[in-house]
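Student: I am new to this structure and would like a close look at a single part. Could you walk me through it?

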Amino acid sequence: RSVTSGNTTTYIFYVEKETVTPVKGALEVYVYEKGTTTPVEGATVSVGSESLGTTDATGKKEKSDLEAGDYTVTIKAPENYKVSGDATKTQAVTSGNTTTYIFYVEKVPGALEVYVYEKGTTTPVSGATVSVGSESLGKTDSTGKKEKSDLEAGDYTVSVVAPENYL
C-alpha cells in the first residue's frame with residue numbers, strides 16, 4: 001500500500017505472544033562411605049516430606065523438574081551404617097542446573113561374646129582359647145568369657161580349644 005497526500009493508510013499486524021516455559025532445575029544426592037568416594041547403596045533419601053526411595057549401586061538418587069528454590073534433603077543410613085556428619089542439608093536449586101548434595105555414612109561395628117562352660121552346667125571355664133576365623137582372641141576369663149569388638153557385620157567362624165584337663 002502506498003501513503004497518499006491527505007489520507008491515512010493503516011497497516012494492521014498480528015503477533016503471537018511467546019509462551020516461555022520456565023527452565024527447571026534438578027538435584028542429585030550421593031552417599032559415600034566416610035572419607036572415601038565408595039558409594040553406599042540403600043540409603044533412604046527424602047526431599048522435604050517426599051521420599052525419593054533409596055540410593056542405587058552408585059550411591060546416587062536424583063530428582064528433576066524442580067522449580068528454582070531451596071530444597072532440604074535428608075538421608076537415613078542403610079542397615080549396618082550410621083550417618084557421619086549432617087543427615088539433613090539445604091541448598092539452592094537454580095533453573096537449568098543440577099545441585100549436588102553429598103552425604104557420608106560409616107559402618108557400625110558389631111561385637112561378639114563367647115562363653116565357655118563345663119558340659120551340662122553353667123560352670124565357667126577359664127583359660128579356653130577362643131579364635132574368630134584365623135585370629136586368636138586369647139583365653140577366656142574367670143567367667144568363661146572372651147569378647148571381640150569392632151567387627152564388621154557378617155558371618156564369622158568361632159572356634160574354642162579347651163584348656164588342659166578338658167576335652
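Predicted model: local features only at pLDDT ≥ 70, side-chain atom pairs only at ≥ 80, totals over all residues.

Student: Is Glu50 buried, exposed or partly exposed, and what is its relative accessible area?

Tutor: Glu50 is partly exposed, with a relative accessible area of 37%. Its side chain meets that of Lys63 in a salt bridge, at 3.4 Å from N to O. Because Glu50 belongs to strand 3 (residues 50–54) and Lys63 to strand 4, this pair ties together parts 13 residues apart in sequence. Lys63 also counts as partly exposed, at 23% relative accessibility.

Let us stay with strand 4, which covers residues 60–66. Asp65 is exposed, its relative accessible area being 55%, and its side chain forms a salt bridge with Lys24 (3.8 Å, N to O). Asp65 lies in strand 4 and Lys24 in the segment before strand 1, so parts 41 residues apart in sequence are tied together. Lys24 is partly exposed at 32%. Glu67 forms a salt bridge with Lys24 too, with the closest N and O atoms 3.0 Å apart. Glu67 sits in the loop between strand 4 and strand 5, 43 residues from Lys24.

Now for the neighbouring topic of strand pairing. Strand 4 pairs with strand 1 in the antiparallel sense over five bridges; here Lys61 is the bridge partner of Val29. Strand 1 is mostly covered, with eight of its nine residues buried.

How values were computed: Residues numbered from 1 in each chain as written. Heavy atoms only, no water. Buried < 20%, exposed > 50% of the residue type's maximum accessible area, 1.4 Å probe, protein only. Helix = DSSP H or I, 4+ residues; strand = E, 2+ residues; numbered from the N terminus. Pairing = 2+ DSSP bridges. Salt bridge = Lys/Arg side-chain N within 4 Å of Asp/Glu carboxyl O.
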